[in-house]
Amino acid sequence: MNNSCPASLIPKTGHLRRRRRAELLFKIIISICAGLVLFSLILILATILFKSLPALRLSLIIRTPGSGYYLGHEGGILNAIAGSLQLTLGATVVALFISLPAVVFLNSYLRRHSPLAEAIRFVLDVLWGIPSIVYGAFGFLIMLAFHLRASLLAGMITVAMVELPILSRALDETINMVPAELKEATYSLGASRWQTAIKVVLRQAFPGLLTATLMAFGRGLGDAAAVLFTAGYTDRITTSLFQPVATLPLAIFFQLNSPYPEVQQRAYAAAAVLTILILLISLASRGLSRKFSQHKIH
């Protein structure tokens with residue numbers, strides 16, 4: 001009995017060597033790219049922290065700007081921290097209130113690849129790609145049309161427009177991860193589309209929903225262009241929707257333009273605070289995303 005294999009099935013040594021070289025080359029390229037990304041992150045964080053160390057202290061975080069703050073005198077950025085959280089939290093709630101019913105309708109009442117569903121997703125993708133400064137300019141035009149002043153409410157609405165397509169598309173992808181068999185099983189038991197969407201689909205997609213919300217919150221927290229014309233700025237903590245509000249990105253922008261080194265150091269300290277907040281949000285989002293990927297239906 002002849003156990004020899006046909007010559008065509010025996011791998012050629014030269015071909016294997018070329019494949020190994022190509023694989024090694026791609027590993028080197030991927031390692032270099034990953035190293036560059038990690039190095040860039042470390043460089044940015046190290047630069048900001050190094051520049052902010054002279055001014056980064058507890059009093060900066062728990063105090064509002066005092067008299068002569070922009071001349072280098074005592075004070076802090078509590079107004080900007082509180083304002084950023086107020087504005088972004090309100091904008092995220094508004095965006096979630098609009099996007100969640102829209103995405104439920106998109107996935108429960110329309111077929112996945114129907115022309116209307118594809119058109120809605122295309123519009124959301126276009127809105128996602130529009131620069132936030134355009135939303136800020138649009139919000140400013142609306143303010144002029146209705147004779148409104150810069151305020152917390154105007155900033156919330158503008159940032160909500162920035163977050164809306166991000167949140168909608170993320171929620172759309174999250175809901176699509178719910179098995180179709182689960183929805184069909186609930187339909188067979190007599191549940192309506194709305195009951196299935198609320199009690200089954202959203203329940204299974206809840207961890208992903210939290211992840212999408214945190215992603216949108218982080219984007220809104222660090223956005224300066226959208227609120228440049230609409231939110232205004234104040235040295236006090238805002239207590240009304242119709243008052244101007246300070247934000248960390250604008251605090252950084254205004255203080256970096258100061259000729260006083262002490263004020264510039266506070267700008268870097270504000271940047272460090274903003275970076276830490278966004279890093280914490282990103283870590284929470286990643287943790288929830290990992291939890292969702294391991295989520296099992298019981």
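Y70 is partly exposed in this predicted model, its relative accessible area being 29%. Five aromatic pairs are counted in the structure. One of them joins Y69 and Y70 in an edge-to-face arrangement, with 5.0 Å centre to centre and 85° between the planes.

A further edge-to-face pair is formed by Y233 and F254, at 5.2 Å centre to centre and with 85° between the planes. This pair links distant parts of the chain, 21 residues apart: Y233 belongs to the loop between α9 (206-221) and α10 (248-256), whereas F254 lies in helix α10. Y233 is partly exposed at 23% relative accessibility, and F254 is likewise partly exposed, at 35%. Together with F253, Y233 and F254 make up one aromatic cluster.

The two pairs described above have the following geometry.

| Aromatic pair | Arrangement | Centre to centre | Between the planes |
|---|---|---|---|
| Y69 and Y70 | edge-to-face | 5.0 Å | 85° |
| Y233 and F254 | edge-to-face | 5.2 Å | 85° |

Both entries count as edge-to-face because their planes are over 60 degrees apart.

Elsewhere in the chain, A46 is placed in helix α1, which spans residues 13-52. A46 is partly exposed, with a relative accessibility of 43%. Between the C-alpha atoms of A46 and R111 there is a separation of 49 Å, and the two residues are 65 residues apart along the chain.

How values were computed: Residues numbered from 1 in each chain as written. Predicted model: local features only at pLDDT ≥ 70, side-chain atom pairs only at ≥ 80, totals over all residues. Heavy atoms only, no water. Phe/Tyr/Trp six-rings, centres within 6.5 Å; stacked < 30°, edge-to-face > 60°. Buried < 20%, exposed > 50% of the residue type's maximum accessible area, 1.4 Å probe, protein only. Helix = DSSP H or I, 4+ residues; strand = E, 2+ residues; numbered from the N terminus.
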